[in-house]
Structure formats: structure tokens, C-alpha cells
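Reader: I'd like to go through this one slowly and ask where each label comes from. Can you take me along?

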Amino acid sequence: MSISAGAAVIPLERTDAWSAVLSHARATGSDSLNALFAADETRAQSLCATACGLTLDFSKQRIDARTLELLLAVAEARDLKTWRTRLMAGEAINHTEGRAVMHVALRAPRGLPMFADGKRIDGDVHDVLDRMAAFSERVRDWSWRGARGDTITDVVNIGIGGSDLGPRMVCEALTAIAGKGPRAHFVANVDGAQLAAVLESVDPARTLFVVTSKTFTTQETMANANAARRWLVDALGAPAVAKHFVAVSTNLDAVTAFGIEPTNAFGFWDWVGGRYSVWSAVGLSAMLRVGPAMFRELLAGAHAMDRHFVEAPFAQNLPVLLGLLAVWNQSALGCSTQVIAPYAQRLVFFADWLQQLEMESNGKYVMRDGTPVTRSTPALWGDVGTNSQHAFFQMLHQGPEVHPVDFILPVKADHALPEQQRLLIANALAQAAALMRGKTADEVRAELVAKGMKGEALEQAIPHRVFPGNRPSNLILLPRLDAFHLGALMAMYEQRTFVLSVLWGINAYDQWGVELGKQLATRLLQPDAKHDPGLDGSTRSHL
Ligand code: F6P
């Protein structure tokens, strides 16, 4: 069946398939998770799926077997299979920009034919990967020398958004197991405090700047790259730029105009969205830090997840299940946000990466055909456990609104502190269990009476100590936080975002919503902006 990307879309919530889900939700909505577990202890096994070494336990979602059946029927009714085929075939499903969406090609193994808009692309992908690997090896084995003959000890990635969050997150996640390599620094913010702090900590003669920008026009990145170049030229002279600056971009003309030699530029293509670009040359800073072999493991894990997404039946398909459960929580249960809680310090930037991925993709007020969405995708936020338990978990347990949580937990640690790992695991499982179980007024009363409390003091204390419970979560287990499983985890969430876009009827791959602020910032920088009658009085008064 062929579907035009901009053809009329029926909002999900007006479809028969979704009406059936909502009727079921109304009939079963008051069922508690505690009762569902009491009635069926095996739900932990039946509401569970595995792929690529990852396990998704979704038994703590407020669903039963019938809900799942109805949700799977929604996926069929929304033509998810057809859209998946179109995505993987390299059709121009980003119709507002007339582009294919082929980040999956970046992690496909050598020789596997991949296409974008009918053109074969896998050869180009592997040529760039090979060049990145050769360059990384030269830096890492110290044969690449700076302008004064020094080895490179520090790599500074200058980029923002997808040109920062992906490589930064991957570096942070894998550095601990990567062995020796240059130190990696990331500068994204146009606030000079970030670049200034990095420049103070590095030696120009031993520093390599990787200017990473798909467009090579992004204001923040170009301002930081220009400032870094001035700093380097002041220290080492203009010819040193050739040995201390490389670029990653789709805009190779702009790279040359900046003064970086074409031989020091690593290209990618317009069918790679910024927030999906870490698998491309945008991953160069990560590859320089962790080495080409580990970077290829990351790609292999992501490719394994792509295959699972394409081949597994929907009922066992991790991205499909995650997407359906997200829509269920949003539309049937009214949850307006989704929390990501990785129980792994090395995933401290995971929620940052994921929030751009999901919210820049599906944060849209119109569907593919330009008509309004009935509901927005849940805002996504989070931080690592156990830190977040002492920050925002109070609200997750006792706030008036329900915020479903994805607990992400690598089971085996890569450090020699087994007691810490035991505590970490116990805390992750305890939080998920507590959100689900809650604590009743009777339980609180019994606890306080046992401590000797009574009378008015007892009655006043009870409501503050009650936990409503029945709060849903997913548990996502990784055997270990290595490159392969990290790649699989990332690709799982990328494909979840795609599934959500299909269910809601959104084009996930443009991002027009970032343009207006950019235009206005440019206008505010004009010399006469203070007197610009097109600007409001408040804005003008602060110029
Ligand atoms: O925030 C808008 C955006 O275009 C993102 O999609 C992108 O990741 C980021 O800016 C950086 O863009 P570029 O890589 O072109 O500098």
C-alpha cells in the first residue's frame, strides 16, 4: 500500500482502533497494578520482551493482556509496517524538507545495500567511516602531530544540539571501558564561560578542535569555532590551523571557507537528521576518545536493534512496545511527561540526548498533513539514579500527576566496587516497586501506631505519609554498559520515536520550531534593533 507522506491523516484518537482501547481503559481503568500482580504472578514473564541482549519488563504498566492486544491492533491500523518499510527503503518520508531519513544506513554493515531517494549510499557511508578510523588511529597512536610536533592529548568538540549531545553522551558512557585515548571536551553553549573554561585547561600545541556542524552556519558553533581559532592562532600562528582543526559537516564549501582543508573534513549527508547523527562523522570526537573498534561495536549494537525492529513481531518488538505504551500512558491515562532514569552514572547525559531526540522530533502541533494534533508527545526529562531519588522522585511518588518512568539498569558493573552495584540495583528495583505498590492510610497508621503515635498527631500525620501508588514504569535491563548494548539502547529509543511519530501522524524529521528564535536573535543583533518597531517594547528595553 502506498501512502503519500503529506496525505490526509486521521488523528489517532478519532480512529476505531483507539476508541476500542479507550473503552477498554474505561472498563479496566480502576484496576490496580497490585491487584493485577496478585491475580497473575506470571505477568512479569508474559509482559516482557528481549532483543540484542536488552530486556524490557513492562509488567508494571497499567495494562492487561487485552490492552496489549488492542494496542497492537492500533499499530496495524496506523500502517506502522508500511511506514517502517518506507523508512528503511530510504523514501523521502521527511516530506516538508523532501528528504529521506537514513540514519539506519550509518550503522549497517559493510556491503549491505542501503538507499536514499533511490541512490545507493552504503559505499559512501563506509568510505567516511574508514577515513574517520584512519584519522582516529593516527591521533591515538601519536603519529598525527600538532604544528610544533607535539602529540595530541586533548580533543575539543565544538558543536551544539545533535552535533554535541550524541558524541558527548557516548564519550561519557564508554570512556571508563575504553582504555587510553585523548581527553575529550565538549563546547556547545554560546555562553563564553564554557569555551573559556576548556581553553584554560588545555595546551594549544597538544589540542585538536573538531568543529561539528551539519550546516556549518549555526551561530553558536561558528562563534565558538572562530574564538577557538583566534586563540590557537595567537598561540601558534595561522599555519597551525591545518594541524589543530578538523571539521564534520554536510556543508564542505563552508568548511573550506572557514579555513579547514578538505582533507581534514569529514562529510555526511542531508538524509541524516542532526539528532540522529552520532552514528555518522558527527561521532568523530567519540571515536577519537574510545577508538574505532569500540565505535564500530556501537554501530553493530544499533544495527542489531534495527534488524530486531524490522523483523520481530510487534508483540515482541521493543521499539513498538515502548511506543504503544507511551501513547497509552499519554492518551488513555493522561500522563503528560515521561521520565528517564538510567541507574548508571556513565549515562548521566542520556536523558539530555534523548530529550532532543524525542522532543525535537515529535514536539509538533500539526500532523503530517498540517492539521492539528489532538495531543502532544509527552515531555521527556530525567537524570541518573540514585541522584534523582534525592531530587525529583518525591514528586513521582506523591505528586498529584502521574509521570511514567523508564528505569534503565546495566546489571553488571565495570568497576571493582560490587557493594555499590548491589545498592544501585536494589535502589532501582525498590523505586519501581514503590511507585507501583504505594502505601495506604491503613499501612501508615499501623506503622505510626507501632512507633507510639496516637490521637490528633496520628491523624494529622497520616495523609502526608500515604503514597497513592499504581504508578507505571518500564524496566530496561542491559547485561553491561558496553558499546554494543549502548548502541542497541540508543537505536531502540530512536525507533520508539519513529513509532510514536507514526501513531500520532507526525513528521518526526523536520524541526521548523527552532527557526523563529534564530531569526529573532539575528534581528536583535542589528545595530538599530533598539529602535526596531517590529519588536515589542519589553524586548527592546533590554537591548
Ligand atoms: O536545534 C536545531 C538544530 O538544527 C538541531 O537539529 C541540530 O542538531 C542543531 O541545531 C545543530 O545544528 P548543526 O549541526 O547544523 O550546527
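This is a predicted model: local features need pLDDT of at least 70, side-chain atom pairs count only at pLDDT 80 or more; totals for chains, interfaces and linings use all residues.

Reader: Then what makes histidine 390 exposed or buried?

Author: Its relative accessible area is 72%. The label exposed asks for over 50%, so histidine 390 is exposed. This residue sits in the loop between β11 and α17.

Reader: Which residues does UniProt list with it, and under what heading?

Author: The heading is "active site", and the unreviewed UniProt entry lists Glu360, His390 and Lys518 there. They are spread over 159 residues of sequence and also spread in space, with up to 36.2 Å between C-alpha atoms. Of these residues, Glu360 and Lys518 are included in the lining of the largest pocket. As for what such a listing tells you, annotations of this kind may be inferred rather than shown by experiment.

Reader: And glutamate 360: why is it called partly exposed?

Author: Glutamate 360 has a relative accessible area of 24%. Buried would need under 20% and exposed over 50%, so glutamate 360 counts as partly exposed. You'll find it in helix α16, residues 350-362.

Reader: What does glutamate 360 touch, leaving aside its neighbours within four places in sequence?

Author: It is in contact with Arg275, Gln355, Ala508, Asp510, Gln511 and Val514.

Reader: How do you know that the pair with arginine 275 is a polar contact?

Author: The two side chains are 3.0 Å apart in that pair. The cut-off for N or O atoms is within 3.5 Å, with one able to donate a hydrogen and the other to accept it, so the glutamate 360 to arginine 275 pair is a polar contact.

Reader: Which peptide bond is cis?

Author: The one from glycine 385 to threonine 386, with omega near 5°. Threonine 386 lies in the loop between β11 (379-382) and α17 (393-398).

Reader: On to the cavities. What makes a space a cavity here?

Author: A 1.4 Å probe fits inside but cannot get out. The structure has 3 such spaces of 30 Å³ or more. About 60 Å³ lies in the largest, whose lining includes Trp83, Arg368, Phe498 and Tyr509. Helix α21 (residues 483-504) gives the most to that lining, 3 residues.

Reader: How does the lining of the largest cavity divide by class?

Author: Into 7 nonpolar, 2 polar and 1 charged residues. Arg counts as charged, and Arg368 is among the lining residues.

Reader: And what about the second largest cavity?

Author: Its volume is about 50 Å³, and α7 supplies the largest share of the lining, 4 residues. By class, that lining has 9 nonpolar, 2 polar and no charged residues. Gly counts as polar, and Gly267 is one of the lining residues.

Notes
Residues are numbered from 1 along each chain as its sequence is written. Side-chain values use heavy atoms; hydrogens and water are left out. Helices (H or I, at least four residues) and strands (E, at least two) are DSSP runs, numbered from the N terminus. On a 1 Å grid over the protein atoms alone, a cavity is a set of points where a 1.4 Å probe fits but cannot get out, and a pocket is an open set with protein on both sides within 12 Å along at least five of seven lines; lining residues have an atom within 4 Å of a point. Grid points are joined across faces, edges and corners, and a volume is the space filled by probe spheres set on the points. Buried means under 20% relative accessible area, exposed over 50%, partly exposed in between (1.4 Å probe, protein chains only). Contact means heavy atoms within 4.5 Å.
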